[in-house]
Amino acid sequence: ETIVNLLADFRHFSYTIPTVRGMVIHIEDRKTRILIPRNRYEKIVKVVDGSSEQLMAMAGNFSKVADGHLVCIQNTESGCPEATQYSTQAINIEGKPRKVTGASFLVLNGSLKPNSGLLGKCNIVEDGLMVLIPAVKLQLVKEALKEMKDYRIVCGPSDGDDSQSEIVSIEWTSNDLNFNIGVTSPIDRKPFDGIPSIRVNRGTDYSNANHIIRWTEVFILKGDEESNLPGDPINMSKLSETIAKTACIALVAFLDLLASNGHNKIGLRVSANRSEMSFLAGSGGNKLAPLYSNALGQEVIATLKHLVTALQLDQHDIVIELIFHILD
């Protein structure tokens, strides 16, 4: 049985598995560990809410810790009756024993019958794993995930001993910080390793006769989850978008000058908390000259003061850095 047979929606001709960034699947001797970073909780909740009563699937990531990894190979030899069949192989580091094998996805299938004589059944499907369990147990797994609790699934005969059983362990682990590696701030070369960011795909461009300025990304250096302050979390998208619009309008008159001085990538770092509101702008590892920063500062600070009322900005502790590009 292929993964397409399990998950494809032939009514809409779609086939997708939601990917949980940072999650890895480790197959060991008689034990499989599903390791989920705690900062991916919201994604897991979406996976659970989007699943059916009998099936839940999620894709993991390549594991740097594993000694090997499952791969799926399609037989494409012409004239072969098994041309549409797939086979699974495990690739591993040459000369190193394979103790931990990585897998690409997990499917929890809640169609195991109560009279099957099995507590659960774990099978390799293509380059992933399918765990067959009763529907009641699948519901318990979903509840545990929503409560951010570890869960242990025992597979094997109902009346078997430990030597006949296999464990599938779903475990919450430390935050995933393996992203934006090597990225630095254009202001002061501050490293952004492990700093979450949001790319802007449909931002508004502002232009003069020769150049345009485009907001492309925002890095969240400090957000509500780290501040431990009371109250509702701030709308980070609205905050970033408002500040970006203000900055673009303030700089549009200087685009030719900025471009001629090689300032094609600009960072704007904004800090807001109960005691202060400040900004810092730079390009190429240096602060922007007073000509630009003064014009930018007047508008940005005025916007921040307005946001104190609109978003209760003074009740939060936020540090974000917006990235702009000047294009011809």
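Which residues are exposed on the other side of α2? They are Glu42 and Lys46. The legends below describe close-up views of a predicted model.

**View 1. Helix α2 has a buried side and an exposed side.** Helix α2 covers residues 41–49, and its buried residues are Ile44, Val45, Val47 and Val48. Looking down the axis of α2, these buried residues fall within an arc of 160°, so they line one face of the helix. Glu42 and Lys46 lie on the other side of α2, where they are exposed.

**View 2. An open sheet is formed by 11 strands.** The strands follow the order β3-β7-β9-β8-β10-β11-β2-β1-β6-β4-β5, and their pairing is mixed. At the edges are β3 and β5 (86–92), each of which pairs on one side only. From one strand to the next, the twist averages 30°.

**View 3. Helices α2 and α3 lie across strands of the sheet.** Helix α2 lies across β2, β3 and β11. Its direction is at about 145° to that of β3. Helix α3 lies across β2, β3, β7 (105–109), β8 (118–125), β10 (151–157) and β11. The angle between α3 and β10 is about 160°.

**View 4. Strand β11 pairs with β2 and with β10.** Strands β2 and β11 run parallel and are joined by seven bridges. One of the residues to look for here is Ile36, whose bridge partner in β11 is Trp172. Strands β10 and β11 run antiparallel, with five bridges between them. Here Arg152 has Ser169 in β11 as its bridge partner. Strand β10 also pairs with β8, again antiparallel, through two bridges. In that pair, Leu118 has Pro157 in β10 as its bridge partner.

**View 5. Arg152 is an exposed residue in strand β10.** Is Arg152 buried or exposed? Its relative accessibility is 57%, so Arg152 counts as exposed. Leaving out residues up to four places away in sequence, Arg152 touches Ile167 and Val168. Arg152 and Arg33 are 119 residues apart in sequence, while their C-alpha atoms are 9.4 Å apart in space.

**View 6. Strand β9 is covered on both faces.** Strand β9 spans residues 128–132, and five of its five residues are buried. Gly128, Met130 and Leu132 are on one side, and Leu129 and Val131 are on the other. Strand β9 pairs in parallel with β7 through four bridges. In this pair, Leu106 stands opposite Leu129 in β9. Strand β9 also pairs with β8, in the antiparallel sense and over five bridges. There the bridge partner of Asn123 in β9 is Met130.

**View 7. Strands β8 and β9 form a hairpin.** How many residues lie between β8 and β9 in this hairpin? There are two residues between them. In the turn, Glu126 has a positive phi of about 55°.

**View 8. Glu217 is buried in strand β14.** Strand β14 covers residues 212–222, and Glu217 is found within it. The relative accessible area of Glu217 is 9%, which is under 20%, so this residue is classed as buried. Apart from its neighbours within four places in sequence, Glu217 is in contact with Asn180, with Ser197, Ile198, Arg199 and Val200, and with Glu321, Leu322 and Ile323.

View 9. How many disulfides are counted in the model? The count comes to zero.

Technical notes
Residues are numbered from 1 along each chain as its sequence is written. This is a predicted model: local features need pLDDT of at least 70, side-chain atom pairs count only at pLDDT 80 or more; totals for chains, interfaces and linings use all residues. Side-chain values use heavy atoms; hydrogens and water are left out. Buried means under 20% relative accessible area, exposed over 50%, partly exposed in between (1.4 Å probe, protein chains only). The arc is that of the directions from the helix axis to the C-beta atoms. A disulfide is a pair of cysteine sulfur atoms within 2.5 Å. Two strands pair if DSSP finds at least two bridges between them. Axes are lines fitted to C-alpha atoms, for helices over the stretch in contact, and angles run from 0 to 180 degrees between N-to-C directions. Contact means heavy atoms within 4.5 Å.
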